[in-house]
Amino acid sequence: MAIRRAKQKAQVIEKLSQVAPPGETFIACVHVETGPSPWLNAIFDEIPLVGLAVALTRKFYFLTLTNTSVVVNTASRWTNRPGEVVAVYPRSAFPVSNVKRGTVWSVMYLLFPGHQNPTRLNLHRYWRGEFDQLSAAFPVGAVPAQQGAGVQV
């Protein structure tokens, strides 16, 4: 089980290299999880079985920025190893919205193929450097600061 960020990124790149077109350059890779705010885990854990139910409904993904696209692939719940590719978006059409950078947990919403509503993705501060690189692929307006709202990103 990979714990260090560099090892996780290497595993993702190894996995994606098997299916990537020749010449594809991998720029950044971040680990995200779905579901409600991770801060609520302390509350959920106090209610019998609710914490377990929330934990088991969370899904884990890697978002990888390449020179041409953003690739989304699953991450194993138990070993954190990268899994199958779920979606590939051109960099110019990455359907992310409502990006909010938090002190510890940042949030963004991603519209997955086949879904009508965007899915909340939580991103830990541990991945902040990679997140900054990934945010270069966000469309204008996805981050409030890009709209002139004065929010620091």
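Predicted model: local features only at pLDDT ≥ 70, side-chain atom pairs only at ≥ 80, totals over all residues.

Student: Is R101 buried, partly exposed or exposed?
Tutor: Buried requires under 20% relative accessible area, and exposed requires over 50%. R101 has a relative accessible area of 29%, so R101 is partly exposed.

Student: How many salt bridges does the structure hold?
Tutor: One joins the side chains of E130 and K9, and another joins R58 and E33. D132 and R101 also meet in a salt bridge. The number held by the structure is three.

Student: How many residues apart in sequence are the parts that E130 and K9 tie together?
Tutor: The side chains of E130 and K9 meet in a salt bridge, 3.5 Å from N to O. E130 belongs to helix α4 (residues 128-134) and K9 to helix α1 (residues 5-17), so the parts tied together are apart in sequence by 121 residues.

Student: Does E130 count as buried or exposed?
Tutor: The cut-off for buried is under 20% relative accessible area. The relative accessibility of E130 is 13%, so E130 counts as buried.

Student: Which strand holds E33, the partner of R58?
Tutor: R58 forms a salt bridge with E33, with the closest N and O atoms 3.4 Å apart. Both residues, R58 and E33, are buried. The pair links distant parts of the chain, 25 residues apart: R58 is in the loop between α3 (50-57) and β2 (60-66), and E33 is in strand β1 (residues 26-34).

Student: Where does R101, the partner of D132, lie?
Tutor: The side chains of D132 and R101 meet in a salt bridge at 2.9 Å, N to O. D132 lies in helix α4, so the pair ties together parts 31 residues apart in sequence, with R101 in the loop between β5 (96-100) and β6 (105-110).

Student: Is D132 buried, partly exposed or exposed?
Tutor: Between the cut-offs of under 20% for buried and over 50% for exposed, a residue is partly exposed. The relative accessibility of D132 is 35%, so D132 counts as partly exposed.

Student: What is the bridge partner of S106 in β7?
Tutor: β6 pairs with strand β7 (residues 119-124) in the antiparallel sense, over six bridges. In β7, the bridge partner of S106 is L123.

Methods:
Residues numbered from 1 in each chain as written. Heavy atoms only, no water. Salt bridge = Lys/Arg side-chain N within 4 Å of Asp/Glu carboxyl O. Helix = DSSP H or I, 4+ residues; strand = E, 2+ residues; numbered from the N terminus. Buried < 20%, exposed > 50% of the residue type's maximum accessible area, 1.4 Å probe, protein only. Pairing = 2+ DSSP bridges.
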